[in-house]
Amino acid sequence: MLLSRTTNCSRAVQRVASVTLRNASNLLLAVDKNEINKTHILDSELQPLQENEIRLKINKFALTSNTVTYGKIGTQFGYFDFYPYDPSASTKPAPASSSWGYVPAIGWASVVESKVSNIPTGGKYFGWYPMSQYCTVQATPTQNGFRDIGKHRKENAHVYTEHIRADVDPFRDNNLIGNQEEEDDYDDRQAILRGLFLTSFLADEYFVDKANYFGAKSVIIVSASSKTALGIAQRIFDKNTVVPDDQRLHVIGVTSARNEAFVKSTGFYDQTVTYDSIGDDSICQNTAAVIIDMSGNWKVIQALHEHIGQNIQYSMAIGLSHHDAGVAPKSLVLPGPSPTLFFAPSEVARRLKEWGPKVFHQHSKEALTSFIGGSKSWMEIQHVHGVSAVQREWLNAHDGNILPSVGMMASMHEL
């Protein structure tokens, strides 16, 4: 493990002005952008804050397949730009910045030092953070918290730069908050599920607008054990319970043999099919269907397209849970419509404009509350603390070794 020192993540990730933190260190998990299973730890000295900066203690963050996806597509979609890697002020040799970066993770942080009016110390903020102990950003207050206004964040969608204070969070269901243990559990489930479920919610709403799933009778969800897939499946399941039988959508979950039992146990899928049985008669070839792919596995998608062909009404690409599946050959031609990428931040902007903020938050909050509450029946929360544990669980998430029934929360701080 390499220990080196650097001054910032966004020119600020590690500068501290608090007297109590002066000369303290900040540990950050960096990954190789090209091989994200390669990691090292940066150990930097915290420096005094500059004007318009705040310091955050990162209390805990989610480690999911989604987090790994942010790293896998980080260069293409700008995730590595959230907190740029800069070893220039390191007192020890540090790996070149062109190869290394910080993967953002969704979690909770508290303000421990502030040089911004109307952003006091304290509080609890939901947002995207580097996997580190502390983070310093240029900030401006907002109605619900603050926004990261670093120059490098100008191209980022607002959903990525917003940090929302828990007590004024429009998505937070305070009816679910009780004692401290219950609140901690709820916050963990928010960090693990909220970002990915908004993708589930928006994808489902997109399909509802399109003649209720393009008039299809079957919805085929690939990588059915992923939490984003479960979000879509639950929404369809809930709607299926209140419509006539002839209007129900038949939901097929495609998964690995290892996860087949778990997928069945959720009760959200009408049928479960393993990857190696796609080509047999388990999936009807003559039924109009849409495909929603969370895997990014071109071989699986090829098998489905060749099996169903022109009866595919729409093929949507969302996730990358099979991030090691490789890139499809350029010569590949699929029967039926070509897979279309679904990018949630663009849908957020479109829905906010179409519905208005009030209606958007009302609909998405109701859906999220239902999903979080329901997750207690199929997801167990686990916690890890400390640098070594976070490194280990990052690799477990990368290698697919975290069970789908587990929600992993991590902290770079020791207990």
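**A tour around helix H11**

Begin by selecting Gly-400, which follows helix H11 and has a positive phi, near 75°. The model on display is predicted.

Next, select residues 387-398, the range of helix H11. H11 has 12 residues, which at 1.5 Å a residue should span 16 Å; the C-alpha atoms at its ends lie 17 Å apart, in agreement with that expectation.

Now show the side chains of H11. Its buried residues are Val-387, Ala-389, Val-390, Gln-391, Glu-393, Trp-394, Ala-397 and His-398.

Keep E19 and E20 in view by selecting residues 380-385 and residues 406-411, respectively. The two strands pair in the parallel sense, over 6 bridges.

Is Cys-135 buried or exposed? Cys-135 counts as buried because its relative accessibility is 0%, under the 20% limit. Cys-284, in contrast, has a relative accessibility of 42% and therefore counts as partly exposed. How many disulfides are there to select? The count is 0, with a pair of cysteine sulfur atoms required to lie within 2.5 Å.

Note on methods
Residues are numbered from 1 along each chain as its sequence is written. This is a predicted model: local features need pLDDT of at least 70, side-chain atom pairs count only at pLDDT 80 or more; totals for chains, interfaces and linings use all residues. Side-chain values use heavy atoms; hydrogens and water are left out. Two strands pair if DSSP finds at least two bridges between them. Helices (H or I, at least four residues) and strands (E, at least two) are DSSP runs, numbered from the N terminus. A crossover is right-handed if, with the strands pointing away from the viewer, the path from the first strand over the helix to the second runs clockwise. Buried means under 20% relative accessible area, exposed over 50%, partly exposed in between (1.4 Å probe, protein chains only). The expected span of a helix is 1.5 Å times one less than its number of residues.
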